Structures are given as structure tokens and as C-alpha cells.
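Thank you all for making time this morning.

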Amino acid sequence: MKKNTGAQLALYPAPVIVVGAMVDGKPNWTLVAHAGIMAHSHLMLSMVKAHYTNKGIRENKVVSVNVVDASWLKAADKMGCVSGNKTDKSEAFAYTLGGKGAPMIDEAKVTMECEVEDIYDLQGFDNFICRITGTYVDEDILTEKDKIDYRKFKPVLFQFPTYEYLETGDILGACMKMN
Ligand SMILES: Cc1cc2nc3c(=O)[nH]c(=O)nc-3n(C[C@H](O)[C@H](O)[C@H](O)COP(=O)(O)O)c2cc1C
């Protein structure tokens, strides 16, 4: 028996990222779990309009998407607890500017730099539609064909009901070869 629990968002666990953007000439960082894939070239970031980072994204139209793993989870979590509206977070990470000018976290093993192509306004959220322009990956987690090796790289996941972090686990099987 399944019970209808109402319109409960149930698409978890979701990968945790730190979004980076320049705001008034300094980097700012925000923890985000509500992000999604669009086509094979774009992703969407769902961010509360009042966030300090949104101001920089709207102005510059470039962001970095830094995928969190356990090695820097503590520092990433802090970016979800304090706002640039009140506290200067610009010194939180060593960073490098990408080709489009987005600040990218040095200790993140995977960072996508993106250009913002559109903003879908919904219920107090800026939903940034982003085109990926470059993906920077630590060579230690790359395969010979320059693909990310998810046997080595374990993104942190977030689940809403108990507000906890998990990480990706074991391989269950090869896609389209299960039968
Ligand atoms: C686990 C976790 C996930 C979060 N996910 C999101 C999210 O998907 N979208 C969002 O707008 N805020 C999210 N937040 C809240 C922001 O990270 C937080 O309000 C942050 O302080 C905003 O920073 P800023 O004002 O400097 O941009 C999340 C926070 C935590 C702890």
C-alpha cells in the first residue's frame, strides 16, 4: 500500500554543489542542492532570489558549479549557513578565474564554468538556465579518455527530510546490460 503524502518533493538524494560568482568584484559562494540537468549541454540552478550570489549572477551572467566531495564538505557546508548579504565569504576558498571570469574553487576536483542564458522566475526563486562552457577536472580522477571516474570521485548528496549528507556508493550494474 502506498500513501499519498501530498505534494512532497521527493527527488532526493541530490548532488551538492557550491555555486561561485563574482559580486561587486569579489567572489561569493553558495551551497546549492536544487540543481538539474537540461539537455546534454545545460544545467539549471534553483536559487532563492534574496541570496547575495544571485546579484552577481544576474550582473555578470557567469557562474562556477563546484561539485562537493567529502574532502571539503565542512567548508562547503559553511557556505550554506552564512550569507554574503551579512558576512564577507570571499576569503573562504583559494580560487582561479575561469576563461569566462567565474571564480572556481581550487580544492574542488570537478568544476563547471557556465554562462547564464536565461532565468526562469518561479515562486521567489531565480532558476538560472546555464550553458556549460568548460569542465575542469583533477587529473587524478580522470580516465584515459578524459571522462570523470566515478569509482574514484564520490560526490556528496543531500536529502531534505532529515537535512543530511550522503555520498555515492557502489556500482550496481552496467546500463542497458541488466537483462
Ligand atoms: C544543504 C543545503 C542545501 C541548500 N540548497 C539550496 C538551494 O538549492 N537553493 C538555494 O537557494 N539555497 C540553498 N541553500 C541555502 C543557501 O546556501 C544559504 O541560504 C546561503 O547562505 C546563501 O548565501 P548567499 O546569500 O551568500 O548567496 C542550501 C543550504 C544548505 C545547508
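I will go from the chain as a whole to its sheets, and then to the shell around the ligand.

What you see is a predicted model, in which local features need a pLDDT of at least 70 and side-chain atom pairs count only at pLDDT 80 or more, while totals for chains, interfaces and linings use all residues. Residues are numbered from 1 along each chain as its sequence is written.

The protein chain comes to 2 helices and 12 strands, where helices (H or I, at least four residues) and strands (E, at least two) are DSSP runs numbered from the N terminus. The radius of gyration, taken over C-alpha atoms, is 17 Å, which agrees with the value near 16 Å that a compact globule of 179 residues would have; the globule rule is 2.2 Å times the number of residues to the power 0.38. Buried residues, meaning those with 20 or more other C-beta atoms within 10 Å of their own, the C-beta atoms being placed from the backbone, make up 30% of the 179 residues.

Let us turn to the sheets. An open sheet of 7 strands has the order β3-β2-β6-β9-β10-β5-β4, with antiparallel pairing, and two strands count as paired if DSSP finds at least two bridges between them. At the edges stand β3 and β4 (35-38), each with a single partner strand, so one side of each has no neighbour in the sheet. Strand β2 (residues 17-23) is joined to β3 by 7 bridges, the two running antiparallel, and within this pair Gly20 stands opposite Trp29 in β3.

There is also an open sheet of 3 strands, in the order β1-β11-β12, again with antiparallel pairing. Its edge strands are β1 (14-15) and β12 (164-167), each pairing on one side only, and in β11 it is Phe158 that stands opposite Ala14.

Finally, which residues are closest to the ligand? Of the 18 residues that surround the ligand, the closest are His34, His51, Gly80, Ser83 and Gly84, where a residue is near a molecule if its C-beta atom, placed from the backbone, lies within 6 Å of it. β3 (26-32), β5 (42-48) and α1 (52-60) each supply at least two residues of this shell, and β3 gives the most, with 4 residues. The shell divides into 8 nonpolar residues, 10 polar and no charged, with Gly counted among the polar ones.

Methods
A residue is buried if 20 or more other C-beta atoms lie within 10 Å of its own, exposed if 12 or fewer, and partly exposed in between; C-beta atoms are placed from the backbone.
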